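Visitor: I would like to learn how to read a model like this one. Could you walk me through it?

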Amino acid sequence: MTDDAYPPDTSTSSPEPDTNPASPSRRRFLAGAAALAATIGIVRPDPAVAAAQLPDFPPDVELYRTVYRNWADEITAEGLWACAPADPDQVVEVVNWAWRQGWTVRARGSSHGWSPLTITDHTPSDAPVLLVDTAGHLTDVTVASTEPATVRAGTGITMEALLARLEEQDLGFTAVPATGDITLGGALAIDAHGTAVPALGEQPAPGHTYGSLSNVIVSLTAVVWDENSGEYTLRTFDRDETECAALLAHLGRSLVTEVVLRVGANQRLRCVSRTDIPASELFAAPGSGGRTLASFLDASGRAEAVWFAFTDRPWLKTWTLSPTRPPGSRQVTQPYNYPFSDNIPQTVADLVDRVIADAAWYLAPLLGAAEYTATNLGLAATASADIWGTSKNTLLYLRPTTLRFTTAGFTVLTTRSQVQLVVHEFTSHYSELLNTYAARGQFPVNGQFDVRVTGLDRPADTGLPGAQAPLLSALRPSDDHPEWDTAVWMDVTTLPGTPHAEAFLRELEQFLFQRYAGDTALTRVEWSKGWAYTDTAAWSDDQVIGTELPAAFGDTVWETAAGDLNQLDPHRVFHNTFLDRLLP
């Protein structure tokens, strides 16, 4: 990939008019980006109406009507019934009520996801679907700081609140998602991750692993069918139990109320941001030398690159283990130290306004340039290009007020030595594809490409004898290729409703499945994001859903996971129509 491999100047191109009826309005998008996550619309029902529509509902459980919105406001539903159980026992009451009445139960945390794992779009208000809000009450935390340290937590607690409690005992995780508002239960359902592999010479500290959060589970308590009692009950599964493997990343086919997690000593990290390295150097072919992504992984082990569309220099962040503050690094005592990415700068907001309101999708290069400039100026203005602090304060950096892009997410399992090759091949294809579309006056991407790198969910890393590997984690090691020890996570974001986005993302996805089909590397998907693209929609390609994904895990593994989840929930109380296709 060379510097001239980027989309050309499009100032003289004739942009294709927007004919996509799904394009969101300016007001809908910007209002959602600013405030949607702060509140969930709740309407208290008339008791007589509730009794008529939900007969014999547990009287002590808080019940209401609500609106459902996912992260990008692409999956919505109005007027659904929802409840907020006060404790796990009330959750069981609600689930048994739903089973007897023929309803389905969908756990809801912060709705910070893209894919239809919770509900499908436009679920009607009269559908027999009950949302169970976990964040209201299932938030108890107990920390055991003795070796090995563990934390027992309700699945409704947010990651930020959990990390704060752990920080009080000087404990933490190796890596976590950048957004602190997600609930623990939501994170574990989809094997949420951060970015971390061992730097050269680094040995994992006790209680720390480099895979997903699902791999630090010691035990979990879930609502499952009990054949002896003939109803749903709470049951605790230890990590060495066979059924636990399916629950470690259950994709919404279960409801976990509490988990015990292995944790380690809190780590101090230095996070350095750079915006001066050309993409042609950072993502260069292996052996090119220079400041490659692989070189930063060797030095720090923790890195993320954000490449704004139609720019030539990504925003690179590296986190390095630093027990004491390095000279010149600013100490931070709170998370979210990049306010310029959380609170949309006016220049960026104005461009988003024009892009959406005027269907000016051809302004994507200007929007990318504005985001890059805002990042450069913001890093300088906030003195956040070189910060140091505890893991919570350096790893959490994204608030719900950021721009709400729709996001495609893919994972490639490979060897550590092949990470640079995977990133080079993907970014080269991505850049060429942007060129091709731009030459036609089409601009399907106006957000960014993002890459992170992690280890895998190796059960031995937990230190628990007989620990099971998560069956459906994208980081589950390959049985056929034990030498694969690393995962490359690659996302592409764009504004909801952008014309040609689905077709573009389909081409990227097909490239990955064909290029990394299980011989030299293996493609999987990031469950919470966009995948299985057709030319017009995500989560719609039957070949990906029915063939590619089972094959990526191994048909036996896939069938075992689906079978175990069905056995734990034979009445399919925890399901929706999309999950019925994915895990029949």
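**From the whole fold to one side chain**

Guide: Gladly! Of the 584 residues in the protein, 60% are buried. Keep in mind that this is a predicted model.

Visitor: How many helices and strands are there in the protein?

Guide: The protein has 17 helices and 21 strands. Its radius of gyration is 23 Å, close to the 25 Å from the globule rule for 584 residues, so the protein is as compact as a globular protein of that length.

Visitor: Now a single helix. Which residues of α16 are buried?

Guide: Buried means under 20% relative accessible area. In α16 that applies to V557, W558, A561, A562, D564, L565 and L568. These residues cover an arc of only 165° around the axis, which means they sit on the same side of α16. On the other side, T556, E559 and Q567 are exposed.

Visitor: What covers the buried residues of α16?

Guide: The cover includes the strands β9 and β10 along with α6, α15 and α17.

Visitor: And R253: is R253 buried or exposed?

Guide: R253 lies in the loop between α6 and β11. With a relative accessible area of 1%, R253 counts as buried because the cut-off is under 20%.

Visitor: Which side chain does R253 join through a polar contact?

Guide: That of D569, at 2.6 Å. Leaving aside neighbours within four places in sequence, R253 is in contact with several other residues too, including L565, F574 and H575. L565 is also one of the buried residues of α16.

Conventions:
Residues numbered from 1 in each chain as written. Predicted model: local features only at pLDDT ≥ 70, side-chain atom pairs only at ≥ 80, totals over all residues. Heavy atoms only, no water. Helix = DSSP H or I, 4+ residues; strand = E, 2+ residues; numbered from the N terminus. Buried < 20%, exposed > 50% of the residue type's maximum accessible area, 1.4 Å probe, protein only. Polar contact = N/O pair within 3.5 Å; in protein donor to acceptor, adjacent residues only side chain to side chain. Contact = heavy atoms within 4.5 Å. Arc of directions from axis to C-beta. Rg over C-alpha atoms; globule rule 2.2 N^0.38 Å.
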